[in-house]
Amino acid sequence: MVVEVFKTNVQRELDKNYIIAVIQTQFPDYKVNFDLEDCDKILRVEGVALEPENIIDYVNCLGYICVPLE
């Protein structure tokens, strides 16, 4: 199991729920959650053979910033 953590600019619960739904539609085996309380608006994705570039591309295509957290 691999866990990837991303910094985003997601602010609202509505946006968070939309992004989670899109990711889980494309990658049904991934476990996805946000921490909007964190200053970096953390997106965590857990899965087997996880491709971080795919997550970044999907979130960016939805109009949000998503970068790997250093």
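The model is predicted, so local features need pLDDT of at least 70 and side-chain atom pairs count only at pLDDT 80 or more, while totals for chains, interfaces and linings use all residues. Residues are numbered from 1 along each chain as its sequence is written, and side-chain values use heavy atoms, with hydrogens and water left out.

Let's start with the overall fold. The protein has two helices and four strands, where helices (H or I, at least four residues) and strands (E, at least two) are DSSP runs numbered from the N terminus. Along the sequence they follow the pattern β-α-β-β-α-β. The C-alpha trace spans about 30 × 25 × 20 Å along its principal axes.

Now look inside. Of the 70 residues, 39% count as buried; buried means under 20% relative accessible area, exposed over 50%, and partly exposed in between (1.4 Å probe, protein chains only).

Next, find the aromatic rings. The structure holds two aromatic pairs. Rings of Phe, Tyr and Trp (its six-membered ring) pair if their centres lie within 6.5 Å; planes under 30 degrees apart count as stacked, over 60 as edge-to-face and the rest as tilted. The centres of the F27 and Y30 rings are 4.8 Å apart and their planes are at 5 degrees, so this pair is stacked. Both F27 and Y30 are buried. F27 also pairs with Y58: their ring centres are 5.5 Å apart and their planes at 90 degrees, so this pair is edge-to-face. Here F27 lies in the loop between helix 1 (13-26) and strand 2 (31-35), and Y58 in helix 2 (residues 52-61), 31 residues apart. Y58 is partly exposed, at 30% relative accessibility.
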